[in-house]
Amino acid sequence: MNKEEKVKLKGKIVKALPGTTFEVELENGHKIYAHLAGKMRMHYIKIIPGDEVLVEISPYDLTRGRIIRRY
Amino acid sequence: MVIKTLAELDGIRRACLIVREILERIRESIRPGISTYDIEEISVKIMERKKVIPAFKGYAGYPGNICVSVNEEVVHGIPRKDKVLKEGDIVSVDIGVIYNGFYGDCADTFPVGRISKEHKKLIEVTKKAFNIGIEQIKEGATTGDIGSAIQKFVEENGFSVVRAFAGHGIGRKLHEYPEVANFGEKGEGEILKEGMVLCVEPMVNEGTYEVKILEDGWTAITIDGKFSAHYENEVIVRKEKGEVLS
């Protein structure tokens, strides 16, 4: 079955939290919690507050996301 | 006067995020040489993938899926194959989608390649005017507060604000009550209440604010042929301030 596509948006890391979770501020000012995608963890992409990232948000839960790219 | 429930607000939020994503993709793909029809095609492809319906198609008989207005066109430009963007143009893209019955409606103006300082300022002032407008939003403020703040800022910068079109309420319909004019006097108009959703959309002209509609029945252009920029976003009215949705 076709899944609904996720929304990809740019954001900025505000805070690093335990468990490779981050607080990300989206361009519209909304703050969401996002965890690091497995692929990025495998390649040890390090992320610190202030980084610009691409997050993927499911349309079902707009408060959580998945970081899929660092710029 | 439509006060939205929390669940409705959530649906509108989702619709807006999808519009924002489409606009970001378009920002990346705009370059000299592509036509306004190409821009429409990019957006329609993403809409299909996201399973959202273009909200403008067929609205009051509008023939396009989105509105793409180049240079002196103010709003409602119908995408055409022979309208090709060239270096130095400014293009405003207005997109509306329906997601699960909720409307998302946003617009932004993008530069094509390198543009002159004057036009860069026009785009910046338009966006800033929006931000200044929504700063006025809180429970008990009026639509006239928003309009007068926008008008004052735009005119201080030597531009003019279009009178013929206005912002609007939004939700389960594309245009809902109240109307949010981009000019006016403080304290005029409708009183804002928490839970209302508004589309604030300043349209800023370089020259005069007068516009005329072309023969196709839709495209609005400035009378003096000078450039025009457009910025639109949805805002939820909160107790203390407005919450921007995308």
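**A proline in chain B and its surroundings**

Author: B:Pro111 lies in strand β5 of chain B, which covers residues 102-111. The model is a predicted one. B:Pro111 counts as partly exposed because 18 C-beta neighbours fall inside 10 Å, and a residue is buried only at 20 or more. Apart from neighbours within four places in sequence, B:Pro111 is in contact with B:Ile90, B:Lys120 and B:Ile123. B:Ala164 is 53 residues away from B:Pro111 in sequence, and the two C-alpha atoms are 24 Å apart in space.

Next come two helices of chain B. Helix α3 (residues 117-135) of chain B packs against helix α4 (residues 143-156) of chain B at an angle of about 145 degrees, and their axes are 8 Å apart. The crossing of α3(B) and α4(B) is right-handed. On the α3(B) side the residues are B:Val125, B:Lys128, B:Ala129, B:Ile132 and B:Gly133; these meet B:Ile146, B:Ala149, B:Ile150, B:Phe153 and B:Val154 in α4(B). Sorted by class, this contact has eight nonpolar residues, one polar and one charged.

The last part is the contact between the chains. Chain B supplies 13 residues to it and chain A supplies eleven residues. On the side of chain B that touches chain A, the elements giving two or more residues are α1 (6-29) and α2 (36-50) of chain B. Of these, α1(B) gives the most, with seven residues. By class, that side of chain B has eight charged, four nonpolar and one polar residues.

Conventions:
Residues numbered from 1 in each chain as written. Chains lettered and ligands numbered in written order. Predicted model: local features only at pLDDT ≥ 70, side-chain atom pairs only at ≥ 80, totals over all residues. Helix = DSSP H or I, 4+ residues; strand = E, 2+ residues; numbered from the N terminus. Buried ≥ 20, exposed ≤ 12 C-beta atoms within 10 Å, placed from the backbone. Contact = placed C-beta atoms within 7 Å. Nonpolar A, V, L, I, M, F, W, Y, C, P; charged D, E, K, R; others polar. Axes fitted to C-alpha atoms, helices over the stretch in contact; angles between N-to-C directions. Left-handed = near helix turned anticlockwise from the far one by under 90°.
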